[in-house]
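Let's take a walk through a structure together, starting with charged side chains and ending with strands. Have your viewer ready.

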Amino acid sequence: MQTISLTVARRTALAAQGFADARPATAPNRRHLAKVLSRVQLLQLDSVNVAVRAHYMPVFSRLGSYDRALVDDAAWAHTARKPRLLVESWAHEASLLPVEDWPLLRSGAKRDGWWRNYTRVVETVPGLIDDVLAIVKEHGPIGAGAIEKALEAEVAGRGPGAWWERSVVKKACEYLFGLGRLSTGTRRSFERLYDLTERVVPPEILARHVSAEDGARGLIDRSARALGIATETDLRDYYRLGPDVAHQAVADLVEEGVLEPVRVQDWRGVAYRHAAARTPRAITGRALLSPFDPLIWERARTERLFGFRYRIEIYVPEPKRVYGYYVFPFLLDGALAGRVDLKSDRAAGVLRVQGAFAEEGADAPRVAAELSGELAHMAEWLGLSGVAVGPRGDLARELARAVG
């Protein structure tokens with residue numbers, strides 16, 4: 001079995017994620033977005049909007065400034081000229097992924113999600129599921145609050161005891177979304193508007209049956225393409241597959257020559273390199289990474305690949321936070337060289353750096369200069385007038401000078 005250095009593994013992983021590709025010289029278009037999606041395979045969704053919504057940032061990290069309507073149209077709009085490219089589903093977490101991958105997610109390969117906890121709740125209300133589906137069929141795309149109001153009007157004439165707790169309606173919607181019977185027709189101010197899945201996913205894709213075994217192989221193949229080189233645990237985590245089905249899928253893909261077992265310096269156990277993975281001689285360039293970027297979302301892998309210990313501290317009480325509330329690692333020439341706690345202060349029109357930190361051994365003046373340029377680029381992309389650097393962190397003074 002071949003043994004490869006950690007440096008080679010890192011370059012392989014970065015290339016797989018699209019960081020060996022130059023940013024477009026012209027305004028990014030739908031073709032550029034499709035190329036990013038072919039690398040990362042999915043975009044994680046998250047409700048936190050302190051800097052920018054999570055699903056927009058990985059595209060910016062790879063393409064630079066682009067029109068966010070590119071993602072909106074790909075995910076939540078459909079025309080004959082521009083068909084829907086993405087659909088929402090539970091993948092890594094709630095995610096946008098290519099419409100063509102829908103059958104893989106519905107194959108039975110994935111473990112049941114948290115929404116299964118609502119099974120008992122919705123089953124205690126006779127007719128609730130049918131009522132919700134009927135309302136969505138008539139009025140969709142529609143939000144959970146509007147569904148509640150429509151149901152309230154509909155059951156008002158059924159007599160005492162016909163109504164139920166309002167929170168149950170939202171749980172029923174999420175339960176049906178988890179089952180794949182409802183999907184997201186569109187979003188309004190990030191509120192999910194539910195629609196029947198058959199009105200969102202094309203019929204030829206809905207009709208495609210995939211066995212659980214084939215679904216697992218398809219998802220592990222996509223994980224391996226996105227990661228380049230990975231442990232079995234890494235491959236399983238990308239789509240949150242169960243250990244048994246993932247183990248068999250990895251074995252099958254090794255036998256087919258899609259995955260090659262290798263050893264990586266300082267890693268425990270076997271790793272797997274995708275047959276299509278490439279390893280450039282060097283990775284150059286810079287990028288700010290959202291906490292939900294697929295390059296770093298598996299924290300143990302991030303530490304193993306980059307020697308970079310990273311935790312998201314949103315739920316940590318402020319006095320106990322080490323780096324800040326919403327921290328973006330900074331990628332520079334293939335290394336994670338620093339991190340910044342960012343906030344979009346829309347009232348003041350600035351991108352606030354609430355903390356700036358250099359990694360041990362990093363060239364602080366160069367990191368500050370490059371980071372300053374990327375922060376200015378991000379601020380412009382977000383429609384903000386500039387960057388404001390606060391005093392916290394060992395890189396703050398150097399960065400403030402670079403920002404000017």
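What follows is a short tour of salt bridges and then of some paired strands.

First, the ground rules. This is a predicted model, so to speak of local features takes a pLDDT of at least 70, and side-chain atom pairs count only at pLDDT 80 or more, while totals for chains, interfaces and linings use all residues. Residues are numbered from 1 along each chain as its sequence is written, and side-chain values use heavy atoms, with hydrogens and water left out.

Side chains of opposite charge can pair when their charged atoms come close. Here a salt bridge means a side-chain nitrogen of Lys or Arg within 4 Å of a carboxyl oxygen of Asp or Glu. By that rule the model has 27 salt bridges.

Start with D293 and R62, whose side chains meet at 2.9 Å, N to O. D293 sits in the loop between β10 (286-288) and α14 (299-306) and R62 in helix α3 (residues 57-63), so this pair ties together parts that are 231 residues apart in sequence. (Helices are DSSP runs of H or I with at least four residues, strands are E runs of at least two, and both are numbered from the N terminus.) Both D293 and R62 are buried, that is, under 20% relative accessible area; exposed means over 50% and partly exposed is in between, using a 1.4 Å probe and protein chains only.

Next up is the salt bridge of D341 and R392, at 3.2 Å from N to O. D341 belongs to strand β12 (residues 335-345) and R392 to the loop between β14 (386-389) and α16 (396-403), 51 residues apart. D341 counts as buried at 4% relative accessibility, whereas R392 is partly exposed at 33%.

R401 is exposed at 54% and E398 partly exposed at 25%. There is also a network of salt bridges linking R23, R286, D333, R366, E370 and E374.

Now back to β12, where 9 of the 11 residues are buried. Strands pair if DSSP finds at least two bridges between them. β12 runs antiparallel to β11 (residues 327-332), with 6 bridges, and F330 has G338 as its bridge partner. The hairpin of β11 and β12 has 2 residues between the strands, and D333 in the turn has a positive phi of about 50 degrees. D333 is also a member of the salt-bridge network.

β12 is joined to β13 (residues 350-358) by 8 bridges, again antiparallel, and G338 stands opposite A358. In that hairpin, with 4 residues between the strands, G349 takes a positive phi near 75 degrees.
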